[in-house]
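Work through the exercises below with the sequence and the model open beside you, and try each task before you read its solution.

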Amino acid sequence: MTDAPRIILASGSAIRRAILSSAEIPFEVMKPEVDEDIIKKESAREGLDLEPLAMRLAEAKCMDIAAKTDAIVIGSDQIMEFGGRAYDKPATMAEAKARLMETQGAAHSLINAVAVARNGQIIWRNLDRPTLFMRALTEAEIDAYLDAAGPEILHSVGAYQIEKLGSRLFERIEGDHFAVLGLSLYPLLDLLRQEGAIAF
């Protein structure tokens, strides 16, 4: 496709890069300069629910890059919701252990928002909310998992990487696998086809 528009992923996430690469999507990476904490604080003051907050973050990321290019720009954000509360990525292994101790034996959801911008405007949005059912785990099992998985799990909001060893922690998942990983691939592929960015 000689006239296909460029695709830019507005994210520093390794797993989102891997998702697009596995589908053999030609893309570049540009990390947006977005202060997520400011957006979260402003949204909290407004009383914004978690789903529109995730979309606001995704839009901010893609629009930051879209202001500088005429490419198709993909922004995405993921928020973990458990018991009506939002969770950020754990900062330490101790916090990761506390997260797993709290969520073991229960279900939580991952709100995955994807926004796409082109020529300085949002042209597409998608929201997915898969539910993950974690096994009942003992403290010893959680310690063994954390020792084996290592600090890499601090890049995951749930303190697990479902695509790796973290799959052992779950009974089942309801919803899209790619949304769990952080980028709803199938609806995004449809959008890229519509925009002439990929042939099939």
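**Exercise 1.** Find the buried residues of helix α4 (residues 93-103) and decide how they are placed around the axis.

*Solution.* Begin with burial, where buried means under 20% relative accessible area, exposed over 50% and partly exposed in between, with a 1.4 Å probe and protein chains only. By this rule the buried residues of α4 are A96, R99, L100 and T103. Next, look along the axis: these residues cover an arc of only 95°, taken from the directions from the helix axis to the C-beta atoms, and therefore lie on the same side of α4. Finally, look for their partners, counting heavy atoms within 4.5 Å as contact: they pack against β3 (72-82), β4 (85-87), β5 (107-118), β7 (131-134) and α5 (139-149). Helices (H or I, at least four residues) and strands (E, at least two) are DSSP runs, numbered from the N terminus.

The model is predicted, so local features need pLDDT of at least 70 and side-chain atom pairs pLDDT 80 or more, whereas totals for chains, interfaces and linings use all residues. Residues are numbered from 1 along each chain as its sequence is written, and side-chain values use heavy atoms, leaving out hydrogens and water.

**Exercise 2.** Which residue forms a salt bridge with E95, and how far apart are the closest N and O atoms?

*Solution.* A salt bridge needs a side-chain nitrogen of Lys or Arg within 4 Å of a carboxyl oxygen of Asp or Glu. The partner of E95 is R99, with the closest N and O atoms 3.6 Å apart. Both belong to α4, and because they are four residues apart, about one helical turn separates them. E95 is partly exposed at 31% relative accessible area, whereas R99 is buried at 5%.
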